[in-house]
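Student: I have a structure open and would like to learn how to read it. Could you take me through it step by step?

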Amino acid sequence: MSHPSRRTVLRTGTAAGALAAIPASTLLWTQPAVAGTPGPEQVHLQWGDEPSTEMTVSWATAASVSRPRLRLGTPRGGGGRSVDAETRTYVDGLNKVETFTHHVRLRGLKPDTTYVYDVLHDGAQPVRGTFRTAPGRGRAAFRFTSFGDLGTGDNVFAKSSIHGAAAVRQVEQFSPLFHLLNGDLAYANNNPQLQPQCWNAFMNNLSKSAASRPWMPAPGNHEVEAGGGDLGYASYLTRFELPDNGTRDYCGNWYAFQVGSVLFLSLDGNEIAVEDDASIDPATGQSIYISDYSDGAQLRWLERTLSRARGGSAVDWIVVSMHQFAMSSSAASHGGDMGIREKLMPLFDQYAVDLVLAGHDHDYERTHPVRGTESGGLLTPSVADDDLRQIDTSQGTVHLILGGGGTAGHDDKYLPADGDGVREAFVRTQRLTFKADPDAKEKATWSAVIDPDTKYPYGVAVFDVDPGVLPGSRTTITVSYYHSAPATAANPVPTPVLYDRFTLYRDRSDGWGDDDTQGEDTHSDRRAAAARR
């Protein structure tokens with residue numbers, strides 16, 4: 001199967017990132033609007049390849065426009081830049097609606113710096129926003145947030161609830177540096193005659209936060225759309241401009257970026273999972289099943305990236321964001337996916353991945369740290385340690401299902417436990433649609449924490465990274481999961497309530513080498529002192 005590069009869908013525009021100096025006095029000015037000219041909308045941010053010095057600003061317009069561009073400055077009105085946008089379009093294959101998006105890749109920014117920007121085009125009123133770049137290379141404290149399965153925030157669309165609007169605003173209450181969105185974004189494929197309109201509603205809701213901080217997505221099964229090209233990703237890849245993964249045909253499908261000493265990997269679980277749960281192609285009546293579409297390119301990239309990270313001293317933590325999962329004990333679960341267990345879990349084990357964030361099931365579940373497998377044919381992950389509060393991720397990977405973003409459905413009912421308190425869990429070992437029950441069960445010995453409180457079906461996870469003090473000392477990530485009652489007309493943004501908190505820890509990778517002249521006792525003393533601090 002041939003897959004056109006997303007670069008081939010460019011319609012207009014100049015080279016991204018081309019900068020021209022402009023006087024500070026004209027940087028953020030009000031341009032008189034021309035009647036009938038569509039204005040910029042759906043403004044959102046994504047990290048560039050280097051988050052401390054690169055940011056991508058993206059937006060959409062309702063029609064083709066003249067000279068889409070961005071003006072950049074600082075809050076104090078310092079000298080600015082004018083950058084022409086790349087325009088990228090696609091035509092929805094089901095209803096023939098054309099979508100116009102515009103992207104500016106900013107480079108050469110200063111680390112840990114706040115910028116002000118306007119997006120505009122001829123005849124339209126500029127739309128203004130701000131962002132902050134990531135800390136410079138090296139270790140730094142920062143916060144990020146995550147959930148999956150969001151929806152548009154407007155219940156006129158199938159699979160969406162008004163809580164999707166609340167969830168975006170709840171993220172803002174925690175002021176993260178960025179947000180990880182673990183797949184199933186707009187659920188446009190459940191609205192086949194309104195796919196572009198569904199995406200427009202989703203992006204406009206997202207911009208309430210994403211115009212000020214990057215929202216970094218992973219594709220879910222609901223991003224695979226009929227009429228969206230060979231893989232169904234035309235809308236997703238037209239609207240998002242994501243870090244480069246070095247491939248010609250699959251740029252944006254998976255990617256990596258690093259903030260401080262944390263490496264983040266966004267994976268395309270649709271290619272890895274055996275489950276068949278995507279759109280139905282109306283032309284054939286068959287599901288759009290894209291498992292193994294890259295002929296191993298994603299897995300080769302993943303192993304190279306993991307090997308490089310663990311072979312150096314700049315990365316302490318590895319965090320994976322994806323949609324599908326290896327483990328879940330929900331009674332309505334898609335089932336722990338055998339494709340993920342066979343293809344990803346050995347790499348997670350080999351390279352000591354710390355944290356895997358998923359969605360797919362619309363609930364919250366945390367595993368114990370797992371490493372290796374139990375005996376038997378289901379590749380049941382083996383528990384490395386059962387401490388619920390202080391977890392050494394050098395010994396095992398913690399998996400979180402964070403599927404309570406804002407979608408209308410909930411999966412927060414769990415299979416019963418036996419006399420020892422161990423629940424059963426579904427496993428999906430072969431290609432079956434979601435409507436077919438998973439074909440196997442196992443004991444969920446790996447399950448650590450669930451949230452069965454159906455009064456609080458939604459939630460957001462908050463991650464606070466502490467880089468440690470000295471080389472080789474302990475670094476931590478404190479994870480706080482806040483669940484939420486559903487939004488209502490009377491209470492449109494409910495206050496999130498802390499439900500689960502725990503701390504991950506490991507030693508920094510920049511420890512003293514074998515040639516340390518301080519001696520083993522001094523080495524240990526310094527590590528202990530750093531840990532106490």
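Student: How much space lies in the largest cavity?

Tutor: Rolling a probe the size of a water molecule over the atoms shows where empty space is left. Here a cavity is a set of points on a 1 Å grid over the protein atoms alone where a 1.4 Å probe fits but cannot get out; points are joined across faces, edges and corners, and the volume is the space filled by probe spheres set on them. The largest cavity holds about 120 Å³. Before we go on, note that this is a predicted model, where local features need pLDDT of at least 70, side-chain atom pairs count only at pLDDT 80 or more, and totals for chains, interfaces and linings use all residues. Residues are numbered from 1 along each chain as its sequence is written, and side-chain values use heavy atoms, with hydrogens and water left out.

Student: Which residues lie nearest the centre of the largest cavity?

Tutor: Lining residues have an atom within 4 Å of a point. There are 15 of them around the largest cavity, and Asn221, Asn270, Glu275, Asp277 and Ala278 lie nearest its centre. By class, six are nonpolar, six polar and three charged. Nonpolar covers Ala, Val, Leu, Ile, Met, Phe, Trp, Tyr, Cys and Pro; Asp, Glu, Lys and Arg are charged; the others, Gly among them, are polar.

Student: How many cavities of 30 Å³ or more are there?

Tutor: Five reach that volume.

Student: Which strand gives the largest share of the lining of the second largest cavity?

Tutor: Helices (H or I, at least four residues) and strands (E, at least two) are DSSP runs, numbered from the N terminus. S23 gives the largest share, three residues. Strands S18 (355-358), S19 (364-367) and S23 (398-402) each supply at least two. The chain as a whole has eight helices and 29 strands.

Student: How far does helix H2 reach from its first C-alpha to its last?

Tutor: The expected span of a helix is 1.5 Å times one less than its number of residues. H2 (residues 195-210) has 16 residues and reaches 21 Å, close to the 22 Å expected.

Student: Is Asp316 buried or exposed?

Tutor: Buried means under 20% relative accessible area, exposed over 50%, and partly exposed in between, with a 1.4 Å probe and protein chains only. Asp316 counts as buried because its relative accessibility is 1%. By the same rule, 57% of the 533 residues of the chain are buried, and in H2 the buried residues include Trp199, Phe202 and Leu206.

Student: What does the side chain of Asp316 make a polar contact with?

Tutor: A polar contact is a pair of N or O atoms within 3.5 Å; within protein, one must be able to donate a hydrogen and the other to accept it, and residues adjacent in sequence count only if both atoms are side-chain atoms. The side chain of Asp316 is joined to that of Arg139 by one of 2.8 Å. Asp316 sits in the loop between helix H5 (297-310) and strand S16 (317-321).

Student: Where does Asp510 lie?

Tutor: Asp510 is in the loop between strand S29 (497-507) and helix H8 (520-532). Asp510 is buried because its relative accessible area is 18%. Its side chain makes a polar contact of 2.6 Å with the side chain of Arg508, and a polar atom of that Asp510 side chain lies 3.1 Å from the backbone nitrogen of Gly472.

Terms used
1 Å grid on protein atoms, 1.4 Å probe; cavity = no way out; pocket = protein on both sides within 12 Å on 5 of 7 lines; lining within 4 Å.
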